[in-house]
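Let's take a walk through a protein model together. Keep the picture open while you read, and look up each residue as it comes along.

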Amino acid sequence: MVKGVWVKAGLSRERVLDGALEYLDAHGLPALSMRKLGTHLGVEAMSLYRHVPNKAALLDGLVDRVMELAFAGLQDPPPGRTGAWVPWMRQFAHALRAALRAHPGVLPLAATRPVNSPDALRMSERWLATMRAAGLPLGRAMDVVNVVATFTIGHTLAEVGQTPGHEGTEPDLDQRADELDPALFPNLAEVIATRAGLDFDSRFAEAIDILLAGYAALPLKEAP
């Protein structure tokens, strides 16, 4: 595929979604429309409706597509091995964060749109089956997947720090450095000077490990 040029005869749902991701990465969510996407793909907008029936379905599909990209290489843990779900969920979290960082325009959608398309439901079913095969009861498995996914989306959204339609206007702590009197704000001034606590990578990794260790330490019984 040459960027922005698609063969009409070979148009598919996957190509429509990948083209929409490409457009979103370049222009942001507020700029996305079926007409603009059709122009980007080199086709009439009406031809897109054969693959996504409306814009709402397109937005849902974008979330699905990023999830597919995130978890394409995620191998199931060996069934029956107690605790094998912990490293699997760690990989799950880091894979999801990497995909969302690669396509930050999808973050507002991932944070607000329910993941309930047929493809997403099949993926969720696989996750729950994987967790149960690795020793977790169903309720606990559902809790772990939801908590880890929600935390990952929220952390990455804060990390990227973009307000749809207002990208680049977000305040930054460093921009306030000259205003902070070290006598009044000694800790914040030290944070700015030393970068202590500002490493998103280590913060995310540690938080995920703490979450998983906490769940792993709970008694193995059905969550209420």
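Start with helix α10, which covers residues 200-217. This helix has 18 residues and reaches 26 Å from its first C-alpha to its last, close to the 26 Å expected at 1.5 Å a residue (the expected span being 1.5 Å times one less than the number of residues). What you're looking at is a predicted model, where local features need pLDDT of at least 70, side-chain atom pairs count only at pLDDT 80 or more, and totals for chains, interfaces and linings use all residues. Residues are numbered from 1 along each chain as its sequence is written, and side-chain values use heavy atoms, with hydrogens and water left out.

Which residues of α10 are buried? They are F204, I208, L212 and Y215. Here, buried means under 20% relative accessible area, exposed means over 50%, and partly exposed is in between (1.4 Å probe, protein chains only). Seen down the axis of α10, these buried residues fall within an arc of 60°, so they line one face of the helix; the arc is that of the directions from the helix axis to the C-beta atoms. Here's the background: an α-helix has 3.6 residues a turn, so residues three or four places apart point the same way. The buried residues of α10 pack against α5 and α8, while E206, I210 and A217 are exposed on the other side. At the start of α10, a side-chain oxygen of D199 comes to within 2.9 Å of the backbone nitrogen of D201.

Now zoom out. The protein chain has 10 helices and 0 strands. Helices (H or I, at least four residues) and strands (E, at least two) are DSSP runs, numbered from the N terminus. Buried residues make up 38% of the 224 residues in the chain. Of the contacts (heavy atoms within 4.5 Å) between residues at least 6 apart in sequence, 74% join residues at least 24 apart.

How many salt bridges does a search of the whole structure find? There are 8, each one a side-chain nitrogen of Lys or Arg within 4 Å of a carboxyl oxygen of Asp or Glu. The general idea is that side chains of opposite charge can pair when their charged atoms come close. Here are three of them:

| Salt bridge | N to O distance |
|---|---|
| D60 and R113 | 2.6 Å |
| E68 and R65 | 3.0 Å |
| R101 and E159 | 2.4 Å |

Take D60 and R113, which meet in a salt bridge. D60 lies in helix α4 (residues 55-71) and R113 in the loop between α6 (107-112) and α7 (118-133), so the pair ties together parts that are 53 residues apart in sequence. D60 is partly exposed at 24% relative accessible area, and R113 also counts as partly exposed, at 24%.

E68 and R65 are 3 residues apart in helix α4, so about one helical turn separates them. E68 is partly exposed at 26%, whereas R65 is buried at 11%.

R101 is partly exposed at 44%, but E159 is buried at 13%. Salt bridges that share partners also join E14, D18, R65 and E68 into one network.

Definitions and conventions:
A polar contact is a pair of N or O atoms within 3.5 Å; within protein, one must be able to donate a hydrogen and the other to accept it, and residues adjacent in sequence count only if both atoms are side-chain atoms.
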